[in-house]
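Hi there,

Here is the structure I promised to pass on to you.

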Amino acid sequence: MLVTGRSLVSRRVADWDFPNPHVVTLEVAAADIDAYDHVNNAVYLSWFDRAAWSHSAELGISLEECVRIRRGMAAHRTEIDYLRAAVLGDHVSVGTWIVNTDGKLRVERRFQVRREPGGETLARARTDYVCINLDSGRATRMPESFSRSYVITDSGRTGTD
């Protein structure tokens with residue numbers, strides 16, 4: 001369940017791997033739990049997707065706009081480091097940042113999942129996105145609205161890879 005989505009400036013910078021994350025807050029539901037009694041790894045991908053879409057919408061690029069202009073950012077590669085398990089009833093915050101972009105075709109996002117309260121990091125991920133034409137499925141140059149909006153969130157690094 002998606003509870004909130006907002007850029008978080010009021011948090012201590014040291015709590016997050018990068019300054020000024022865009023954060024969505026979720027509660028772990030029974031459907032998220034696998035046979036090992038923890039959140040299934042595929043659920044983390046859906047959390048990253050929610051955080052990325054929430055952040056994109058805040059930047060002015062909604063799903064509806066992507067469909068309208070027939071352009072979108074598609075995940076090309078994702079790497080996830082699972083550090084601790086989330087379990088039923090946990091409240092988690094998923095922070096995201098844009099850490100690299102060429103302004104033409106590619107954007108790199110980082111993600112950090114934390115258990116709340118307390119801020120224990122459960123997972124970290126990076127996803128490389130490529131702009132695609134929604135009609136052909138092929139890579140294509142970013143529209144101006146994308147290159148203007150998908151800029152590096154903040155270059156200051158405070159945590160670890």
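This is a predicted model: local features need pLDDT of at least 70, side-chain atom pairs count only at pLDDT 80 or more; totals for chains, interfaces and linings use all residues.

Tryptophan 53 belongs to helix α1 and is partly exposed, at 30% relative accessibility.

Now the overall layout. The protein chain has three helices and six strands, and along the sequence they come in the pattern β-β-α-α-β-β-β-β-α. Of its 161 residues, 40% are buried. If you take the contacts between residues at least 6 apart in sequence, 67% of them join residues at least 24 apart.

On to the inside. In soluble globular proteins, nonpolar side chains tend to be buried together. The largest nonpolar core here counts 28 residues, and the members that touch the most others are Trp47, Val94 and Val113. Two or more residues come from each of β2 (22-27), α1 (41-58), β4 (91-101), β5 (106-116) and β6 (120-133). Helix α1 is the top contributor, with six residues. Another core, of five residues, lies apart from it; Phe18, Val23, Trp97 and Val99 are among them.

Leaving out residues up to four places away in sequence, what does valine 94 touch? Its partners are His22, Val23, Val24, Leu26, Trp47, Phe48, Ala51, Phe111, Gln112 and Val113. Phenylalanine 111, in strand β5, is buried at 2% relative accessibility. With the sequence neighbours up to four places away again left out, the residues that phenylalanine 111 touches include Phe48, Ala51, Ala52, Val94, Trp97, Ala125 and Tyr129. Alanine 125 is 14 residues from phenylalanine 111 in sequence, yet their C-alpha atoms are 5.0 Å apart in space.

Side chains of opposite charge can pair when their charged atoms come close. The structure holds 12 salt bridges, and three of them are described here:

- Aspartate 135 and arginine 70 meet through their side chains at 3.0 Å, N to O. This pair links distant parts of the chain, 65 residues apart: aspartate 135 is in the loop between β6 and α3 (144-149), and arginine 70 in the loop between α2 and β3. Aspartate 135 is exposed, with a relative accessible area of 58%, while arginine 70 is partly exposed at 29%.
- Aspartate 90 and arginine 115 meet at 2.4 Å, N to O. Here too distant parts of the chain are linked, with aspartate 90 in the loop between β3 and β4 and arginine 115 in strand β5, 25 residues apart. Both aspartate 90 and arginine 115 are buried.
- Arginine 110 and glutamate 108 form a salt bridge whose closest N and O atoms are 2.8 Å apart, and both residues are buried.

Aspartate 90 and arginine 115 also belong to a network of salt bridges that links them with Arg84 and Glu120.

What about the cysteines? A disulfide is a covalent bond between the sulfur atoms of two cysteines. This structure holds zero disulfides. Cysteine 66 is in none, its nearest cysteine sulfur being that of cysteine 131, 8.3 Å away. Because a disulfide needs the two sulfur atoms within 2.5 Å, the 8.3 Å between cysteine 131 and cysteine 66 is too far for a bond. Buried or exposed, where does each of the two fall? Cysteine 66 is buried, with a relative accessible area of 3%, and cysteine 131 is buried at 0%.

Finally, some backbone details to check on your side. The peptide bond joining glutamate 116 and proline 117 is cis, with omega about -5 degrees, and proline 117 is in the loop between β5 and β6. Asparagine 20 is not a glycine but has a positive phi of about 55 degrees; it lies in the loop between β1 (2-7) and β2 and is partly exposed, at 32% relative accessible area. Arginine 70, already mentioned for its salt bridge with aspartate 135, is likewise not a glycine and has a positive phi, of about 60 degrees.

Best wishes

Methods:
Residues are numbered from 1 along each chain as its sequence is written. Side-chain values use heavy atoms; hydrogens and water are left out. A nonpolar core is a set of buried Ala, Val, Leu, Ile, Met, Phe, Trp, Tyr and Cys residues joined through side-chain atoms within 4.5 Å. Buried means under 20% relative accessible area, exposed over 50%, partly exposed in between (1.4 Å probe, protein chains only). Helices (H or I, at least four residues) and strands (E, at least two) are DSSP runs, numbered from the N terminus. Contact means heavy atoms within 4.5 Å. A salt bridge is a side-chain nitrogen of Lys or Arg within 4 Å of a carboxyl oxygen of Asp or Glu.
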